[in-house]
Amino acid sequence: MAEEKRHRGRLILVTGGARSGKSAFAERLVASQNGRTAYIATAQVLDSEMEYRVRLHRRRRPADWKTWEAPFDAHEALLEAGSCSDVILFDCITLYLSNMLCAQDAAALADEDKLYGMVHEKVGRLIKAADLLRGSGATTVFVTNEVGAGIVPENRLSRLYRDLSGLANQQIAAAADQVYAVIAGIPVEIKALAAARDYLPGITG
């Protein structure tokens, strides 16, 4: 971590639906910060559709951003990236959860209590890593999807994914300094808005 850092970093969450503009906004937000930038990619390129999405993201990123591929144990990549960066963009939480769920066998998927505990622990490790970096002056921006605003999924695994994603988003939002919701490309800082209206007891903004 650079010796000249004297300020405290931030933990920021950017959320939104599919094609809401959340990743593009998060990239602009990160690019507006001073210093070295790291990008943590959680996607696994398993088909042509994901390959196309990854290619779009790569085109938007500046060439001097250093990338870490971290589909699993991303807290380790976050700490490593933070040791040589001033701002870290983590894209995204929901893909990271998808990787976790798809790596489980049938017996593990049948035990919902253990699944919920595993996800809570893994997300907690990310928050702890980001908090350590925040204390050293680095800012971490997490991107996530809002997946619970549509119809109830027809299969159990999809419902589990929806519920676990929603809980993970709440877990990170509670720890974040700022939470942006992006709708139709327009970002709104909802945590400050909620605090200003006394929707969040004990939080002053």
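L78 is found in helix α3, residues 74-82; helices (H or I, at least four residues) and strands (E, at least two) are DSSP runs numbered from the N terminus. This is a predicted model, in which local features need pLDDT of at least 70, side-chain atom pairs count only at pLDDT 80 or more, and totals for chains, interfaces and linings use all residues. Residues are numbered from 1 along each chain as its sequence is written, and side-chain values use heavy atoms, with hydrogens and water left out.

L78 has 0% relative accessibility and counts as buried (under 20% relative accessible area; exposed is over 50%, partly exposed in between; 1.4 Å probe, protein chains only). Leaving aside neighbours within four places in sequence, L78 is in contact (heavy atoms within 4.5 Å) with residues including I40, I88, L126 and F142.

R61 is found in the loop between α2 (48-60) and β3 (66-69). R61 is also buried, at a relative accessible area of 14%. Residues up to four places away in sequence not counted, R61 touches Y39 and T67. R28 is 33 residues from R61 along the chain, and their C-alpha atoms are separated by 9.5 Å.

Which residues lie nearest the centre of the second largest pocket? They are E146, N169, Q170, A173 and I190, from a lining of 20 residues. A pocket is an open set of points on a 1 Å grid over the protein atoms alone where a 1.4 Å probe fits, with protein on both sides within 12 Å along at least five of seven lines; lining residues have an atom within 4 Å of a point. The largest share of this lining, seven residues, comes from α7.
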